[in-house]
Amino acid sequence: MEQKHPLPPFTLETAKEKIQMAEDAWNSQDPERVSKAYTSDSEWRNRDTFINGREEIVTFLQKKWEKELNYHLKKEYWAHTDNRIAVRFEYEYQTKDGNWFRAYGNENWEFDHNGLMQKRYASINDVSIKEEDRKFK
């Protein structure tokens, strides 16, 4: 059976480990790698988009990173319970026309007993920034 350690129930230490693993995967900009952290029928809400399953996750992320260039993400622990973790995050990206943005948001995650994320709900807002105002270089 497929497992993704650490497994729930989470401690503060293992919740932070899970967050760092997610940050590293997303910063790889490899949709296949990212998708492996989720259940095969994972349910997402990303802004106003609803996504179900790994295949849709991969397609969504491929399109995302075609538009969001020079992507860099930082996630931070917010809270956790037995099988849930809440994070706040910010990331920066550049559009094809050279404009820079910083996105701010919160995510709520729910994991199955094998440590795979079965639900991901993300609320995200974008702010236009100047290149010299970037935090992540």
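Colleague: With which side chain does the side chain of Y104 make a polar contact?

Modeller: The model is a predicted one. In it, the side chain of Y104 makes a polar contact with that of R102, at 3.1 Å. The cut-off for a pair of N or O atoms is 3.5 Å, and 3.1 Å falls within 3.5 Å, so the pair qualifies.

Colleague: Why is Y104 called partly exposed?

Modeller: Its relative accessibility is 30%. Buried means under 20% and exposed over 50%, so Y104, at 30%, counts as partly exposed. Y104 has its place in strand β5. Leaving aside neighbours within four places in sequence, Y104 is in contact with R88, F89, E90, S123, I124, N125 and V127.

Colleague: Where is E110, and what makes E110 count as buried?

Modeller: E110 belongs to strand β5, which covers residues 100-111. The limit for buried is under 20%; E110 has 13% relative accessibility and therefore counts as buried. The side chains of E110 and R84 are joined by a polar contact of 2.7 Å. Not counting residues up to four places away in sequence, E110 touches N83, R84, L116, M117, Q118 and K119.

Colleague: Is E68 buried or exposed, and how do you know?

Modeller: Its relative accessible area is 11%. Since buried means under 20%, E68 is buried. E68 lies in the loop between α3 and β3. The side chains of E68 and K64 are joined by a polar contact of 2.7 Å. Beyond residues up to four places away in sequence, E68 touches Q29, Y91, Y93 and Q94. From E68 to W100 the separation is 32 residues in sequence and 9.4 Å in space, C-alpha to C-alpha.

Colleague: What makes W65 and Y71 an edge-to-face pair?

Modeller: By this rule the count of aromatic pairs comes to 11. For W65 and Y71, the distance is 5.5 Å centre to centre, with 70° between the planes. Ring centres must lie within 6.5 Å, and planes over 60 degrees apart count as edge-to-face; the pair of W65 and Y71, at 5.5 Å and 70°, is therefore edge-to-face. W65 is buried, with a relative accessible area of 9%, and Y71 is buried, with 5%.

Colleague: Why is the pair of Y93 and F101 called stacked?

Modeller: The ring centres of Y93 and F101 are 5.5 Å apart and their planes stand at 15°. Planes under 30 degrees apart count as stacked, so the pair of Y93 and F101 is stacked. Y93 counts as buried at 8% relative accessibility, whereas F101 is partly exposed, with a relative accessible area of 21%. One aromatic cluster is formed by W26, Y38, W44, F60, W65, Y71, F89, Y91, Y93 and F101.

Colleague: How many cavities are there by this rule, and what lines the largest cavity?

Modeller: The count comes to 1 cavity of 30 Å³ or more. About 60 Å³ of space lies in the largest cavity. Its lining consists of W26, N46, F60, K64, Y71, L73, K75, F89, Y91, E107, R120 and I124. These residues divide into 7 nonpolar, 1 polar and 4 charged. At least two lining residues each come from α3 (53-67), β3 (69-80), β4 (84-94) and β6 (117-129), and β3 gives the most, with 3 residues.

Colleague: What is noted about phi of Q29 and of R47?

Modeller: Phi of Q29 is near 55°, a positive value in a residue other than glycine, and phi of R47 is near 60°, likewise positive in a residue other than glycine. Q29 lies in the loop between α1 and α2 (31-35), and R47 in the loop between β1 (38-46) and β2 (49-52).

Colleague: Which peptide bonds are cis?

Modeller: The peptide bond from H5 to P6 is cis, with omega near 0°. A cis peptide bond also joins P8 and P9, where omega is about 5°. P6 lies in the segment before α1 (12-28), and P9 is found in the segment before α1.

Note on methods. Residues numbered from 1 in each chain as written. Predicted model: local features only at pLDDT ≥ 70, side-chain atom pairs only at ≥ 80, totals over all residues. Heavy atoms only, no water. 1 Å grid on protein atoms, 1.4 Å probe; cavity = no way out; pocket = protein on both sides within 12 Å on 5 of 7 lines; lining within 4 Å. Points joined across faces, edges and corners; volume = space filled by probe spheres on them. Helix = DSSP H or I, 4+ residues; strand = E, 2+ residues; numbered from the N terminus. Nonpolar A, V, L, I, M, F, W, Y, C, P; charged D, E, K, R; others polar. Buried < 20%, exposed > 50% of the residue type's maximum accessible area, 1.4 Å probe, protein only. Polar contact = N/O pair within 3.5 Å; in protein donor to acceptor, adjacent residues only side chain to side chain. Contact = heavy atoms within 4.5 Å. Phe/Tyr/Trp six-rings, centres within 6.5 Å; stacked < 30°, edge-to-face > 60°.
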